Every structure is written in structure tokens, then in C-alpha cells.
Amino acid sequence: MTVTVSMTLNGKKVSADVEERTLLVSLLRDHLRQTGTHVGCDTSQCGACVVHVNDRSVKSCTMLASQVDGADVLTIEGLAKNGELHPMQEAFRDNHGLQCGFCTPGMVMSALDLVANNPDPSEREVREWLEGNLCRCTGYHNIVKSILAGAKAMRKGG
Amino acid sequence: MYNFKYQRASSLDDASKAAAAAEDAEYMAGGMTLIPTMKQRLAQPSDLIDLGGIASLSGIRRDGDALAIGAMTRHAEVASSEEVKSAIPALAALAAHIGDPQVRNRGTLGGSIANADPAADYPAALVGLNATVKTDRREIAADEFFTGLFETALEEHEIITEVRFPIPEKAAYVKFPNPASRYAVVGVMVCQAKDGVRVAVTGAGPSVFRVDAMEKALATKLSPQAVEGIKVPEDGLNTDIHASAEYRAHLVTVMAKRAVAAAIG
């Protein structure tokens with residue numbers, strides 16, 4: 001049993017034929033070869049697989065590919081424009097907001113959902129928001145700094 | 001996960017017809033429990049009927065002296081709703097502390113109560129606030145809805161459409177969250193309404209329950225001191241790697257005391 005899933009991925013119309021049990025993260029990585037979205041725990045705890053579906057952050061290991069048929073999906077690959085990093089990505093680089101980098105795509109996508117609804121978050125709000133994103137290098141301090149700097153840059157339209 | 005046939009229902013009627021025609025159908029709301037359960041091959045439906053496309057199941061509205069919340073309303077929507085925050089702030093706060101932001105963006109009120117996880121937060125809200133569950137067939141009082149461990153009064157293929165929460169005079173929910181999952185090790189909803197005081201406990205037992213002795217004491221005086229001497233018996237409470245029955249019984253009193261303090265605060 002297969003199903004055709006059509007969606008807008010990072011601004012482009014794409015479609016793929018997948019088994020109905022296919023997870024969104026498998027559709028992205030295995031079928032569409034967008035491997036920036038990572039699989040960490042595969043149990044909706046770690047947040048390495050966070051992407052946006054219709055402007056809300058979700059864990060793509062806990063959604064079916066079929067559920068995004070007709071949806072607008074944004075992944076880490078959709079952030080940089082014309083070779084320029086997104087201000088939130090730039091902030092992670094400037095603040096050394098990553099060590100091994102495995103959790104980073106999920107951290108950045110999660111941070112952007114926070115900032116979309118709360119453009120000037122406090123440090124406490126950032127830490128609370130990161131409930132669902134784990135960094136096993138435990139580099140949380142610089143991740144929080146990065147998100148605060150990224151939010152500031154985005155407020156300036158940077 | 002085993003394969004299945006996926007169908008996205010466009011209406012309630014569409015969903016129940018699809019379920020009736022299938023060999024072994026399962027409805028999916030937010031999928032935050034069902035998808036992990038299927039990934040572990042602990043569930044194997046022949047057909048998965050996604051309720052996510054039924055617009056009429058979502059939304060929050062004031063309905064006289066109550067709030068009516070659609071079954072497919074996401075936790076994040078309840079948490080951020082100005083309507084909920086002003087009418088029943090305890091309910092918005094409860095929704096704001098379920099799981100993590102991404103779970104709250106997908107998880108739904110109806111899905112949570114249909115699943116009836118013993119450690120879920122919403123059952124305490126429904127029973128504590130004396131809510132009514134509306135389905136495609138009937139209305140069920142919250143006191144009759146939760147019948148046991150992962151068990152509810154729902155019949156086969158019955159669909160929850162809405163939950164009606166009467167607006168209380170005072171209410172607060174306090175939980176001792178599991179440090180990893182944020183599920184309630186013990187969570188207590190205390191509510192004072194026109195028809196009396198209610199104390200509903202989740203996480204401690206196989207299913208949500210009320211504490212009669214605390215309700216009586218609080219009806220006399222709504223103060224934390226009124227409940228501090230009241231212990232629930234540990235018999236029948238949950239014991240797992242997170243907490244023993246004895247510790248959970250202790251937490252019921254502590255959380256109830258804090259909830260009363262927050263409600264009158």
C-alpha cells in the first residue's frame with residue numbers, strides 16, 4: 001500500500017510515493033534526500049528532527065508523511081537565502097552554539113518557532129522552550145546565548 | 001511499524017463510516033501517543049483514520065457560563081488562548097505544561113482524554129472542573145468518563161467532539177512532573193464552583209480520582225491547612241521506577257496543599 005504525498009518543501013512543490021507507515025522524517029531524509037533534519041532518539045524526546053509544518057514546529061519522527069499532504073513544510077535547508085545564513089544560524093555560529101552539531105538543526109528550527117510568537121524572549125523563556133530539544137554535548141548555555149542573539153538580530157531585521 | 005491504510009476524514013460522518021467499514025480501525029487525533037505506540041508495534045490497526053482534517057472539531061468558544069473546547073484543539077492553542085486564560089487560567093496553565101512545545105503543537109484535548117493515560121494532565125482538569133464530554137452520540141459527565149487504566153466510557157468508534165468546562169470561581173492545578181517526560185507523577189486540580197469544591201488527582205492511581213475528605217474539608221474552609229492533615233490511602237496507587245505508592249500518596253497531600261494555595265492566591 002503506497003500513497004502519494006505532495007507538499008511545499010522550503011518553497012518548492014514536491015511529491016513522493018511512500019508506504020503509508022512512512023514517517024515525515026523518513027520522507028524528508030530517505031525519499032527527498034534532505035538530510036539536514038536528523039534522527040536522534042526516534043521517540044519524540046530529543047528534538048533533532050524538528051521541522052515546521054504550516055508554521056508550527058513539530059517532531060518529524062512522530063508525524064506520518066501522509067499527514068503533511070498539502071502542507072507547507074520548512075526544514076533547516078530552507079533557511080539560508082542566496083548563500084547567506086539566516087540570522088538565527090549566524091547567531092549559532094557567532095556564539096559557538098554547537099559542539100558536535102547533531103542537535104543543531106532541531107535547535108534552530110525550534111528557536112525560530114519561539115521567536116515567531118515571542119520576538120523578544122527572556123533567557124528563562126528560551127530555556128523553558130527548549131524542553132523538547134536535547135544537546136548531548138550539554139552545550140545549552142551557548143545555545144541559549146545564540147537564540148537570544150538570533151532573536152535580537154531578527155528584531156533588527158538583520 | 002506495521003503498515004496500515006491511511007484515510008483522512010473530512011467530516012464526522014465520513015470518519016465513522018470509514019471506521020465501520022474497516023477491519024480494525026483506529027482514529028488518530030494528534031498522534032502523540034498513537035504513533036509512538038505503533039512504532040513499537042504495540043498497536044496494529046488495519047486502518048488509521050486521521051481526524052485532523054475535520055475543521056468543526058477545533059476551536060474554543062464561550063458557551064454561556066462555560067468554555068467549549070473542540071476535541072481536536074491542540075494543547076498549544078488552549079495554553080495561548082486569551083479566552084481560556086481569562087475564564088479558566090488554571091486550564092491554560094495546565095495545557096502549557098504538557099510535554100514540550102512540539103508535543104503541544106500536535107497533541108489534542110480529545111486525543112489525550114480518549115487515551116486516558118493514568119499520568120496525563122487533562123483527566124484532572126475534566127474531573128476537577130466537572131466538565132462534560134460531548135461525542136457524536138451523547139454527552140458523558142467527566143465523573144463517568146474515566147473508567148480505569150487507559151479505559152473510558154467511549155463505545156467502539158465513538159468520537160469525542162467537544163468538552164464543556166463550566167467556569168469556576170477559583171481553580172488551580174499543580175503537578176509534580178516527571179523530570180524527563182513532564183507527565184504527572186502526581187497532579188492535583190482544586191476547583192471551587194457554585195456547586196461546591198472538587199479535588200481531582202491524576203498520576204497517583206490507575207485512573208483519575210476525587211478525594212472526598214479533602215473536598216469536605218475545603219468546603220468548610222478553602223485554605224491549604226484544611227488539607228495538610230489528609231492522607232489518601234496508598235493501597236491501589238501506582239508504583240513504578242519513578243515513585244512508590246507510598247511516595248505518591250504523600251505527594252497527593254503536598255500537591256493538593258499547593259493547588260489550594262495557588263487557587264486562593
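This tour stops at a charged surface patch and at the aromatic pairs of a predicted model.

Local features need pLDDT of at least 70 and side-chain atom pairs count only at pLDDT 80 or more, while totals for chains, interfaces and linings use all residues. Residues are numbered from 1 along each chain as its sequence is written, chains are lettered from A in the order in which they are written, and side-chain values use heavy atoms, with hydrogens and water left out.

Select B:Glu23, B:Asp24, B:Glu26 and B:Glu156, which form a negative surface patch (residues with over 30% relative accessible area and no salt bridge, like charges joined within 9 Å; a salt bridge is a side-chain nitrogen of Lys or Arg within 4 Å of a carboxyl oxygen of Asp or Glu). B:Glu26 is partly exposed at 34% relative accessibility (buried is under 20%, exposed over 50%, partly exposed in between, with a 1.4 Å probe and protein chains only).

Select B:Phe145 and B:Phe146: their ring centres are 4.9 Å apart and their planes at 85 degrees, so the pair is edge-to-face. B:Phe145 is buried at 0% relative accessible area, and B:Phe146 is buried at 9%.

Then select B:Phe176 and B:Tyr247, an edge-to-face pair with 6.3 Å centre to centre and 90 degrees between the planes. B:Phe176 belongs to strand β11 (residues 170-177) and B:Tyr247 to helix α12 (residues 245-264), both of chain B, so the pair ties together parts 71 residues apart in sequence. B:Phe176 is partly exposed at 30%, and B:Tyr247 is partly exposed at 35%.

Terms used
Patches are made of residues with over 30% relative accessible area and no salt bridge: like charges are joined within 9 Å, nonpolar side chains (Val, Leu, Ile, Met, Phe, Trp, Tyr) within 5 Å. Accessible areas come from the Shrake-Rupley method with a 1.4 Å probe; for residues, only the protein chains shown count as cover. Lys and Arg count as positive and Asp and Glu as negative; His and the chain ends are not counted. The place of a charge is taken as NZ of Lys, CZ of Arg, CG of Asp or CD of Glu. Rings of Phe, Tyr and Trp (its six-membered ring) pair if their centres lie within 6.5 Å; planes under 30 degrees apart count as stacked, over 60 as edge-to-face and the rest as tilted. Helices (H or I, at least four residues) and strands (E, at least two) are DSSP runs, numbered from the N terminus.
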